[in-house]
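Here is a short report on one protein chain. Start with the sequence and the 3D view below, then read on.

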Amino acid sequence: MWDIGLGMKPELTGQGFGQAFLKWGIDFALQHYSPSQLRLSVAAFNQRAIRQYSKVGFREVGSFQNKDVLFLVMTMEV
């Protein structure tokens, strides 16, 4: 399992780049590391990101609290 981290400049969000950006990140991980599963953490309030992750196959498997922020843990079989 590999953890991935993605971040888009705030001024680029909401412009329809999310799916392509996410797929590029996944493709990069697959080509360079050949993982069988990917994992990420996302702030529970970030519903736009959660929708994008769900669309490509990530599923919520847990959560954790960091200070006052709840994070969801999501994984995807590849």
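Does Lys67 count as buried or exposed? Lys67 counts as exposed, at 75% relative accessibility. Here buried means under 20% relative accessible area, exposed over 50%, and partly exposed in between, with a 1.4 Å probe and protein chains only.

## Basis of the model

This is a predicted model: local features need pLDDT of at least 70, side-chain atom pairs count only at pLDDT 80 or more, and totals for chains, interfaces and linings use all residues. Residues are numbered from 1 along each chain as its sequence is written, and side-chain values use heavy atoms, with hydrogens and water left out.

## Two loop residues with positive phi

Lys67 sits in the loop between strand 3 (59–66) and strand 4 (69–77). Helices (H or I, at least four residues) and strands (E, at least two) are DSSP runs, numbered from the N terminus. The phi of Lys67 is near 60°, a positive value in a residue other than glycine.

Ser34 also has a positive phi, near 50°, and is not a glycine. Its place is the loop between helix 1 (18–33) and strand 2 (37–43). Ser34 counts as exposed, at 61% relative accessibility. Most residues other than glycine have a negative phi.

## The nonpolar core

The largest nonpolar core has 16 residues. Such a core is a set of buried Ala, Val, Leu, Ile, Met, Phe, Trp, Tyr and Cys residues joined through side-chain atoms within 4.5 Å. Ile26, Leu38, Leu40, Val42, Tyr53, Phe58 and Met74 touch the most other members. Helix 1, strand 2, helix 2 and strand 4 each supply at least two residues of this core. In soluble globular proteins, nonpolar side chains tend to be buried together.

Take Phe58. This residue lies in the loop between helix 2 and strand 3. Phe58 counts as buried, at 0% relative accessibility. Leaving aside neighbours within four places in sequence, Phe58 is in contact (heavy atoms within 4.5 Å) with residues including Ile4, Ile26, Leu40, Tyr53 and Met74. Phe58 and Glu77 are 19 residues apart in sequence, and their C-alpha atoms are 7.9 Å apart.

Met74 has its own list of contacts beyond four places in sequence. Among them are Leu38, Val42, Ile50, Tyr53, Phe58 and Val61. Arg39, Ser54, Arg59 and Glu60 are also among the contacts of Met74.

## Thr75 in strand 4

Thr75 is in strand 4. At 12% relative accessibility, Thr75 counts as buried. Not counting residues up to four places away in sequence, Thr75 touches Met1, Gln37, Leu38, Arg39, Gly57, Phe58, Arg59 and Val61.

## One salt bridge

How many salt bridges does a search of the whole structure find? The search finds 1. A salt bridge is a side-chain nitrogen of Lys or Arg within 4 Å of a carboxyl oxygen of Asp or Glu. The side chains of Asp3 and Arg39 meet in a salt bridge, at 2.6 Å from N to O. Asp3 lies in strand 1 (residues 2–3) and Arg39 in strand 2, so the pair ties together parts that are 36 residues apart in sequence.

Asp3 is partly exposed, with a relative accessible area of 48%. Arg39 is partly exposed too, at 30%. Side chains of opposite charge can pair when their charged atoms come close.

## The largest pocket

The largest pocket holds about 510 Å³ of space. Of the 22 residues that line this pocket, Met8, Thr13, Asn46, Ala49 and Tyr53 are the closest to its centre. A pocket is an open set of points on a 1 Å grid over the protein atoms alone, where a 1.4 Å probe fits, with protein on both sides within 12 Å along at least five of seven lines; lining residues have an atom within 4 Å of a point. Grid points are joined across faces, edges and corners, and the volume is the space filled by probe spheres set on the points.

Helix 1, strand 2 and helix 2 (47–55) each supply at least two lining residues. Helix 2 gives the most, with 5 residues. By class, the lining has 10 nonpolar, 10 polar and 2 charged residues. Ala, Val, Leu, Ile, Met, Phe, Trp, Tyr, Cys and Pro count as nonpolar, Asp, Glu, Lys and Arg as charged, and the others, Gly among them, as polar.
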